[in-house]
Amino acid sequence: MKIVLEHIGGNSHPNVDRAREEIIRVLGFRGTVSNAKVEKSRVVVEFDVSPQWDLPLEEKIDYLRMWMPAKVKSVFKVVDLSL
């Protein structure tokens with residue numbers, strides 16, 4: 001899966017590590033971050049959903065789509081969350 005973040009105020013390039021750490025914090029046991037990069041003015045963070053999370057895949061995706069935008073700190077705005 002990947003989540004696209006927009007940094008609120010400023011250039012997103014220096015904030016790739018901060019975005020990666022934010023998604024690691026938000027995911028917790030639910031997954032692991034595999035990559036983070038800048039695309040135009042946004043930060044794209046790719047992550048793998050944990051197979052040990054005891055829910056069907058579709059429920060995991062629905063949960064993450066609702067939950068992650070609410071849990072990401074105000075420094076970033078969630079633009080998209082996709083497979």
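Q: What makes helix α1 and helix α2 oblique to each other?
A: Their axes, lines fitted to C-alpha atoms over the stretch in contact, come within 10 Å and cross at roughly 125°. Angles here run from 0 to 180 degrees between N-to-C directions; under 35 degrees is roughly parallel, over 145 roughly antiparallel, 65 to 115 roughly perpendicular, and the rest oblique. So α1 (residues 16-27) and α2 (residues 57-71) end up oblique. By the way, this is a predicted model, with local features needing pLDDT of at least 70 and side-chain atom pairs pLDDT 80 or more, while totals for chains, interfaces and linings use all residues. Numbering starts from 1 along each chain, and side-chain values use heavy atoms, with hydrogens and water left out.

Q: Which way does α1 pass α2, left-handed or right-handed?
A: The crossing is right-handed, meaning the near helix is turned clockwise from the far one by less than a right angle.

Q: How do you know which residues meet between α1 and α2?
A: Contact means heavy atoms within 4.5 Å. On the α1 side you get Glu 22, Ile 23, Arg 25, Val 26 and Leu 27, which meet Leu 64, Trp 67, Met 68 and Lys 71 in α2. Sorted by type, that contact has 6 nonpolar, no polar and 3 charged residues.

Q: Which residues is Phe 47 in contact with, leaving aside its neighbours within four places in sequence?
A: Among them are Met 1, Ile 3, Leu 27, Val 33, Leu 64, Met 68 and Leu 81.

Q: Why does Asn 35 count as partly exposed?
A: Buried means under 20% relative accessible area, exposed over 50%, and partly exposed in between (1.4 Å probe, protein chains only). Asn 35 comes out at 28%, so it counts as partly exposed. This residue lies in strand β2, and beyond four places in sequence it is in contact with Arg 20, Val 44, Val 45 and Glu 46.

Q: And why does Lys 40 count as exposed?
A: Lys 40 has 85% relative accessibility, so it counts as exposed. You'll find Lys 40 in the loop between β2 and β3.

Q: What is the phi of Lys 40?
A: Positive, about 60°, although Lys 40 is not a glycine. Most residues other than glycine have a negative phi.

Definitions and conventions
Helix = DSSP H or I, 4+ residues; strand = E, 2+ residues; numbered from the N terminus. Nonpolar A, V, L, I, M, F, W, Y, C, P; charged D, E, K, R; others polar.
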